[in-house]
Amino acid sequence: MASKADKQHVETLAAEQQNIGDQPKGVDWTVIALTCQCKDSIYAFQRELEIRQHKGSIAPGVVLLTVEDPETCVGSGGATLNALLVAAEHLSAKAGYTVVTSDVLQTARILILHMGRDFPFDDCGRSFTCLPMENPDSKAEALVCNIDVLLHIMTYKLGPGCTPGVWVCSTDMILTVPSYPDICWEGFSGVKVVSVPGTVSYARDHGVYLIDQEGYVCDIIYKGTEERIKECALQDGRVPLVSGIVFFSWETAEKLLATHVTSPLDSCTYMGLDSGTRPVQLSIFFDILLCMARHTCEDVFVNRANKILQSSDITKPTRADSSDMAIMRSARAVLWQELRGIPVTMAYIADGCYDYMTLSADDHIRNLTRRGSMSSCFVVHHIVHSELTHPAMLNEDCSVINSLLDGEITVGPNSVVQHCHLQGSIHISSGCLLSGVDLMSSAVLCQYQLCDIIIQGHHIRLRDLKLKIFSITGRQDDLQVPFTSDSSTFLNVPWAEFFERTGIKKEEVWGPGILEEEQCLLNAQLFPVFHVTEPIGMEDVLWFLGLEKGRFLRKWQSAWRLSIREVLSCLDQQAELVWRQQLFLSQAQRKVQTTLLARKDTSLWPLIRAAVCEGNEQQILNTLDAATATVDLGIAARTLACVADVLGCMAGGQGGLRSGPAANPAWIDAFQLLEKGNVVLGVKRLTEERGKWLSRPDLLVRAARHYEGAEQILIRRAVMSAREFISMGQVELPPMNQWVVAECPARIDISGGWSDTPPITYEHGGAVLDIAVLVDKRKPIGAKVRRIAEPKLHLVLNSGGREQRMAMEIVCQSLEDLQDYCQPRAPGALLKAAFICTEIIHYPSHVSLRDQLMTGFGGGFELHTWSSLPHGSGLGTSSILAGAVMAALITAAGKSSDTSSLIHAVLHLEQMLTTGGGWQDQVGGLVPGIKIGRSKPQLPLRVDVERIAVTDEFVKTLNDHLLLVYTGKTRLARNLLQDVLRNWYARLPSIVENADALVRNTEECAQAFIKGDLSQIGQCLNTYWQQKKYMAPGCEPSAVRQIMAVLRPHVHGQSLAGAGGGGFLYLLTKKPRQKEALERILRASEGLGNFNVHEVEVDETGITVRLSETEGE
């Protein structure tokens, strides 16, 4: 009986094929705009968005904008207004307007993402803070940043169903939305804020909404008293937090956009900056939204305006003068006039969670080491996009992100290593954060035992000078607490202890320009940047931990130093992103190597696509070229398939279909080297030729086809290792002109097919359950051969059954007549290959065909073949016929072999024919009865066969319930095979899981046969058919689907034979002897085309070989 796991697998496959899933259709964004404070980083972050679009996480048609804030102090409200103006300007130009028009907002869905302020624990800000997550469903491998999680939440969870308008989302928080909220958009107008629950204590440092009974926002409270916050509590006792997400209907967005031409709000936009106006700072929540809140009164809002400085603002504080306050009052008056009266409602996400990314290192480490699910799309792991030589030395509660760890490196609990390349024997204890440490710098870490320490490498730019510097702090340090406070620390110890340990003096850390009450770790000039005579490295901050101070103190005192705040103002974010991409590429290259060389069932397709999207295709190709230089044919073949995937991906869906001819003369030299076994030189020739085919999509596709052709050569050579298990003896030659007749049953595959197909069979291991069957009480496949006096090969191919007189005759009188034996479509190719495979004829050879025949056999051979089955039947005809031909030839040539040798000989012959294919057909047709063939995941390829012990009574029962229906559709196995091999080499997880399930189902089906349970066998059949369809999509034509639907109520199970796509359908009927009944049922159904129902029964003898005196026998 099919296991519960296999039933669930089949249901999953069916759901995937029908595009069934819980995830709703995402928002079709018109524009995604990212606001950024630093103008020097605009192009770097724009490229980040574009890469995400190339990788598929952002839809192709979305307009992507990275918008520079006019000034760093315009606030979230000013940044929103500016981004809205830029988006409207782009859409207006796209629509053909010459001026900005708000009409474009009426059908647009715009998402504005605010990067916000600098973040001391990630040089790319909170938006691009990398999280310990992977997206297993992503088409291209990628680091998961906070912005990616928020994009997914906005696109698939909060945004679906919304009316045209503008979403605004902060990226300074980690947001968790486990479910798909049902937000009501019916009749919506105005503004909708998104809120998640929080406790009263947490809300003290954050904003909270006050909601009335009708669901409208009455007030927004920031850092209120406990009593004031409790007034906001909902029925569950929790309070609705300001989550940083708000939606403006297009009508409201239109009104907001109109304010950009009104002073002083015009100064919030780039137009105002270009006009020389003084910038004004606006908060989207405490200025723009607050004026719409029901309980807000005009006098308090306009005349008592105050700037809200959040605790996370690390910019140097400024003191507002009277003119600033006057501008703010004027700005708020405009907002009140334009926006007052617009309703603000709330969407409350009861199971959501909000974590603001504070300036606490402890909080940040906790965010990067927590293991809960943030979104259904992402999976949390403690090691992501990293390669380690000793992964067992990592604690499960740590996180390693985008890093290379070479050597005996231990990482303790609640520690984070990100964007690092470490080497050596390094001990990182608990509570640490290492970021941006390069290979050369990591050597000094071997001298230290790190605990509760934050070490960061920073790329900075001082005008035209680009530098890499390091900072060090403690996990418990508060960046903003004044130095004079008793709680002020550096490296987790009081400042006095630090000064005593290092010899550094307070006045060397803070200059006279910083007031004592403002002195804090944030503005302490501790970190060396430049020295006149010596290079600056990580050792110039690690000495703070107290190992030695003499030499380092003098160097520190004479170096130019910066504070954390100054470092953040000089960041070269483009260089930091390049560093991260280089590390990501390096770990990807290592992953490619280890996956291939260790034969892991890991899909490299997401890595390949990522490399192409990021412009690193040549580096991946170089890695693959190096991996191909191996003596293992299986590894080399898979590697060539990966090269083909890279080339196909580079074509970008243009240039034609991946399947096609692969015999261009330019590639023949490389192919011939591979055929001769010279893989290293053959791959070198492939690489040289490949370089000439990279300029256009059509050339890339054709090059990919030739790499797949090269891969097929290596697969053939790998499968030919089965020759090791072919043994032949010598017996007496039959008399001249005496016929040797070999007859074979057909076969039906009951479970496990595709697992026997190379390379799956020797990389994964295979198991197939087959039944040898008589069709209409006859063995339908056969061959006969005799020796003749003339030294030639006389080949006769009967296209129908043995009695048919429709025959093709071929006469081979020289070796040149055999040269097309490896072209499967050439007339008589299988028969010619059989003479060579059985070593009756040696080809190529300096000895002529005539001399070989006369010397070895005293004459030539006449060989006839026949099959009463239609072409493309799915019953294993060609392989079984190959077995019959070789069995007859072996006997006629005075040799002997057993069935096992014959099975492996057919495998060898089919590789000579270049048709590929597995071993199940010959196992099914040469071995009698019901049996399982098995192969282990190894080379040389060996097939072992086990007969299934069943009673005679059960065989009779089975015969009464088995039927064949010829569907009238010709099967195209070749096309199906190419697609299956491509998917297998890509190691798509679902394909690997399906291969596992095929083998499991086979073993369970065998137990059902032993028990004699037709119902369970039928369940296995139905499971098998679903597995076949998933392995080879397109193998179920609509006409066949109709036939199966008609028959389903009358059968325990059914499946198309072989690979599917047409041919024979075999049934296990619920009632015995149903041939006539089912014929009536099918005839009564319209549109089923030409079909035939055939009797079928288990064959108990398998292949038979006998001598016959007369030609007609």
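This is a predicted model: local features need pLDDT of at least 70, side-chain atom pairs count only at pLDDT 80 or more; totals for chains, interfaces and linings use all residues.
Residues are numbered from 1 along each chain as its sequence is written, and side-chain values use heavy atoms, with hydrogens and water left out. Local features need pLDDT of at least 70 and side-chain atom pairs count only at pLDDT 80 or more, whereas totals for chains, interfaces and linings use all residues.

Helices (H or I, at least four residues) and strands (E, at least two) are DSSP runs, numbered from the N terminus. Helix H4, residues 146–158, is mostly covered, with 12 of its 13 residues buried (under 20% relative accessible area; exposed is over 50%, partly exposed in between; 1.4 Å probe, protein chains only). Among these buried residues are Asp 148, His 152 and Lys 157. Strand E42, residues 1051–1056, has 5 of its 6 residues buried. Antiparallel to E42 runs strand E43, residues 1064–1069, joined to it by 5 bridges; Val 1051 has Thr 1069 as its bridge partner in E43.

Turning to charged pairs, the model holds 55 salt bridges (a side-chain nitrogen of Lys or Arg within 4 Å of a carboxyl oxygen of Asp or Glu). One of them joins Arg 786 to Glu 862 at 2.9 Å, N to O. Arg 786 lies in strand E34 and Glu 862 in strand E37, so this pair ties together parts 76 residues apart in sequence. Arg 786 counts as buried at 17% relative accessibility, and Glu 862 is buried at 8%. Arg 228 and Asp 219 also meet in a salt bridge, at 2.8 Å; here Arg 228 is partly exposed at 27%, while Asp 219 is buried at 16%. Finally, a network of salt bridges links Asp 362, Asp 363, Arg 366, Asp 452 and Arg 475.

Terms used:
Two strands pair if DSSP finds at least two bridges between them.
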